[in-house]
Amino acid sequence: MSPGEQQRQLEGLLRHYRDCWHPQPFRELRPDWCHAYPALTADLLALDQSGLEALSADNDAALAWLTPYLPELGELRSLIRLAQAPAAPVSAAGERWAWEIPGRKRAQIEAFAASARCCGQPVVDWCGGKGHLGRLLAGQWGQTVHTLEIDAVLCAAGERLASRQAAGQHFVVADALATTAWPQPGQHAVALHACGDLHRRLLQRGVVQGVRRFDVAPCCYHRGVGDFYQPLSSGSGLALTRDDVRLAVTETVTASPRLARRRDREMAWKLGFDAYRHALSAAAYQNFKPVPSAWFAGDFSGFLQQMAVREGLAVPVDADCAQWELAGWQRHREVMRLSLPRQAFRRALEIWLVLDLAVYLEQQGYAVNLQSFCDQRLTPRNLLISAERAD
């Protein structure tokens, strides 16, 4: 199936089920879909904690669980199942290239390098930091690599590492969003986890400049998005808000149990405050301004009182705070369960966003392949766009 056809079919299903993934249960007591699918709502609220955790950790299992209630999800599951790119051996000079790289990051870089394919042209490593990827590719492919990075300190550190390996790597201190000198015609552009507008800029400038090949693993699609996402490809009619786009990158695949517990506590406390605020004013949900992390370090009473002062509300006494903390945890239990359908569409939204980029390149005359370059347990952002322009 071509990227364009895959995008069209996926977009149809996302439109069909928009009411299931667009509303945010954190902000709405009962999204409208709860009334449209009462059996689903009841069974979600009845999930025990172990069942919820299992479904939240396995997107395919969540979609399978939801399919009896939302039958078209069977088709969605097949549309978002991508092949993993065949891996070529990583054959840089021994272990020298990997100085100073943490294990998980090194594994991601090696997986990307093993899945990308040399086209025999000089390489530009876009937003490359210390140039770890570029250094590996310079040794593996025997091509000159220019690593473009805005941070001069990172470039200096990268130059020292490259000199230790005698790699054919050069650093360019430049703002990827402003430069008109890069990428250059005929180059092979690579980018591992360039965020939002950074990867979109690479593709758009690269097309104009006549880049020969792209190997790009996008990340943080919401960065640089205004109220609505602006597709690069023509012909799409799916309207995504910035919150919709951000949903695509909200997995906690690599979160530790400690971080997960802290996240749950912060959410429950915010919901407890929201219940208190609503009881005083009966107002609709209001967005949270950033909350200082130090406010979560003490007990709930102190948190609620600080929030009340900041928001200009009556300050509750300690004795009254326990009921609002309980209300927050009860609401947290419901939110986590009612969010499962929304979360189950995260991967579909991400693949639609990557297909938008792939179809754009296809429309500009590139032969495009979309695959994963590693298991999601290594990094949730494991999608690789490979595109090459014919001579």
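**Aromatic cluster**

Trp269, Phe296, Phe300 and Phe303 are joined into a cluster by ring pairs, where rings of Phe, Tyr and Trp (its six-membered ring) pair if their centres lie within 6.5 Å, with planes under 30 degrees apart counted as stacked, over 60 as edge-to-face and the rest as tilted. This is a predicted model, in which local features need pLDDT of at least 70 and side-chain atom pairs count only at pLDDT 80 or more, while totals for chains, interfaces and linings use all residues. Residues are numbered from 1 along each chain as its sequence is written, and side-chain values use heavy atoms, with hydrogens and water left out.

The structure holds 11 aromatic pairs. Among them, Trp269 and Phe300 form an edge-to-face pair, at 5.7 Å centre to centre and with 75 degrees between the planes. This pair links distant parts of the chain, 31 residues apart, with Trp269 in helix 13 (residues 257–281) and Phe300 in helix 14 (residues 300–310); helices (H or I, at least four residues) and strands (E, at least two) are DSSP runs, numbered from the N terminus. Both Trp269 and Phe300 are buried, a term for under 20% relative accessible area, with exposed meaning over 50% and partly exposed in between (1.4 Å probe, protein chains only).

On the strand 2 side, Val145 is the bridge partner of Val123, whereas in strand 4 Ala189 stands opposite Val124. Together with helix 9 (residues 132–141), strand 1 and strand 2 make a right-handed β-α-β unit, right-handed meaning that, with the strands pointing away from the viewer, the path from the first strand over the helix to the second runs clockwise.

**An exposed loop residue**

Gln230 lies in the loop between strand 5 (213–219) and helix 12 (242–247), and counts as exposed because its relative accessibility is 59%. Gln230 and Leu240 are 10 residues apart in sequence, and their C-alpha atoms are 8.4 Å apart in space.

How values were computed. Two strands pair if DSSP finds at least two bridges between them.
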